[in-house]
Every structure is written in structure tokens, then in C-alpha cells.
Amino acid sequence: MKLDVIKLDSGKAGSIELADEIFGLEPRGDLLQRVVRWQRAKAQAGTHSVLGKSDVSYSTKKIYRQKGTGGARHGSRKAPTFRHGGVYKGPTPRSHAFDLPKKVRALGLRHALSAKATAGELVIVEDLNLADAKTSAVAKAVKENGWKRVLIIDGADVNEGFARAARNLEGVDILPSMGANVYDILKRDTLVITKAGVEALEARLK
């Protein structure tokens with residue numbers, strides 16, 4: 001697969017040959033769904049908690065005698081049937097993460113990259129070097145290229161000047177090649193990868 005390479009100022013910078021086994025696959029929704037579910041479950045805090053019968057603050061004294069009242073038998077007011085009583089089998093803090101094979105994760109990333117390429121939402125830029133690494137310069141470049149919600153993937157190390165300048169821009173996110181993941185790629189409208197990022201991703205996924 002061949003794609004044009006552009007500069008940040010929208011100028012042309014030749015073309016690049018992309019590996020078909022990474023950028024040219026037929027996207028599979030089931031694989032993408034599995035990986036996104038795995039990512040979101042792992043990110044879930046799992047701090048949900050309620051007070052059970054042994055946690056609520058109440059006297060444990062029997063509230064009234066066992067027989068002769070005409071009412072149901074009761075012991076402690078901590079029982080779930082009473083107001084302010086403990087919750088029966090409520091949620092407790094736990095991890096929601098589950099295992100997903102490494103090969104499935106890697107395949108999911110290939111299909112996410114292929115999905116962007118197939119949809120025409122993949123842009124390759126030469127690099128992220130700007131003569132004037134200021135927020136206004138990055139905002140201008142983003143606007144001229146027509147990027148709204150964009151994820152930019154650089155090589156092993158992100159261009160610090162560009163990252164600092166883009167930090168306050170809404171809808172612009174930057175990741176190193178090792179941080180590339182299915183959820184962030186699919187969440188954005190446009191995926192921008194530098195030439196160094198392409199090389200790093202191909203080395204990682206081949």
C-alpha cells in the first residue's frame with residue numbers, strides 16, 4: 001500500500017510504502033470489540049463499595065422478643081430489610097481486568113490501523129518539526145490540514161517541542177509508537193503517523 005507523505009504545512013514530501021500485513025487488512029469488528037473491551041475493563045477503577053451487614057453502625061441488641069409480638073422474628077437492626085441496614089451481596093472493590101492473548105492484542109492493533117487506512121482517515125507526515133514550536137503554530141497546522149479530533153503517533157520518542165505546544169489544544173493527542181492502542185486510534189476521526197512512527201510500528205508488529 002502506497003500513501004503520500006505530507007509536511008505539517010501541507011506541503012508534499014514524497015510517498016511511502018506501507019506494509020499490507022499491518023495497514024492493508026480487511027478490518028474485523030469482532031477483533032476490535034474484543035480489544036476495546038479488554039482495554040476499558042483494565043482501565044476501570046473498580047472502587048465501587050457499599051456497607052454490608054457487618055459494616056453499618058448499629059446496636060446488635062435484639063430489637064424485640066422472639067415470640068408474642070405478632071410480628072416477624074428479628075434480631076439485629078443491621079439486617080437488609082431495615083432502613084439504614086446493610087446491603088445484601090452489594091458490590092465490593094475489585095479489578096475488572098481479564099486476560100487477552102498478546103497475539104490477539106497485536107492483531108487488534110493491526111486491524112485498527114487498517115480500518116483507518118481503509119476509511120481514508122490515515123495521514124502520514126514527514127516529522128513533527130516546526131520552526132516555531134508554539135501552540136498557535138500547531139493550531140494553524142491542524143486547522144490548515146482539516147484535522148478536528150486527531151491522534152498523532154510519533155516514533156519511539158515524541159517531539160518534545162511539538163508535544164508541549166499541542167498540550168493545550170482540544171482534540172489533539174500525541175502518543176509515542178509504544179503507546180499506540182486500539183481504543184485511542186478508533187476514538188479519533190483522523191490518525192496521523194510520522195515516518196519514524198510508521199517504522200517503529202512496523203518493527204513492533206511484524
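Biologist: Which residues does Gln39 touch, not counting residues up to four places away in sequence?

Modeller: Gln39 touches Asn181, Val182 and Tyr183; contact means heavy atoms within 4.5 Å. This is a predicted model, where local features need pLDDT of at least 70 and side-chain atom pairs count only at pLDDT 80 or more, while totals for chains, interfaces and linings use all residues. Residues are numbered from 1 along each chain as its sequence is written, and side-chain values use heavy atoms, with hydrogens and water left out.

Biologist: Why is Gln39 called buried?

Modeller: Buried means under 20% relative accessible area, exposed over 50%, and partly exposed in between (1.4 Å probe, protein chains only). Gln39 has 17%, so it counts as buried. Gln39 is found in helix H2, and helices here are DSSP runs of H or I with at least four residues, strands being runs of E with at least two, numbered from the N terminus.

Biologist: Good, and what span does H2 reach?

Modeller: H2 has 15 residues and reaches 21 Å from its first C-alpha to its last, close to the 21 Å expected at 1.5 Å a residue. The expected span is 1.5 Å times one less than the number of residues.

Biologist: Which residues of H2 are buried, and what do they pack against?

Modeller: Along with Gln39, the buried residues of H2 are Leu31, Leu32, Val35, Trp38 and Ala41. The buried residues of H2 pack against H3 and helix H6 (182-187).

Biologist: Why do you say that the buried residues of H4 line one face of the helix?

Modeller: The buried residues of H4 (residues 135-144) are Val138, Ala141 and Val142. Seen down the axis of H4, they fall within an arc of 100°, so they line one face; the arc is that of the directions from the helix axis to the C-beta atoms. On the other side of H4, Ser136, Lys140 and Lys143 are exposed. The buried residues pack against helix H5 (160-166) and strand S5 (172-175). Just after H4, Gly146 takes a positive phi of about 75°.

Biologist: What makes Thr194 count as buried or exposed?

Modeller: Its relative accessible area is 0%, so Thr194 is buried. Thr194 lies in strand S6 (residues 190-194). Leaving aside neighbours within four places in sequence, Thr194 has contacts with Val125, Glu126, Asp127, Leu128, Ile153, Asp154 and Gly155.

Biologist: And why does Ser76 count as buried?

Modeller: Ser76 has 16% relative accessibility, so it counts as buried. Ser76 sits in the loop between H2 and H3. Ser76 and Lys62 are 14 residues apart in sequence and 5.4 Å apart in space, C-alpha to C-alpha.

Biologist: What is the volume of the largest pocket, and what makes it a pocket?

Modeller: The largest pocket has a volume of about 250 Å³, a volume being the space filled by probe spheres set on grid points joined across faces, edges and corners. On a 1 Å grid over the protein atoms alone, a cavity is a set of points where a 1.4 Å probe fits but cannot get out, whereas a pocket is an open set with protein on both sides within 12 Å along at least five of seven lines; lining residues have an atom within 4 Å of a point.

Biologist: Which element gives the most to the lining of the largest pocket?

Modeller: That is H3, with five residues.
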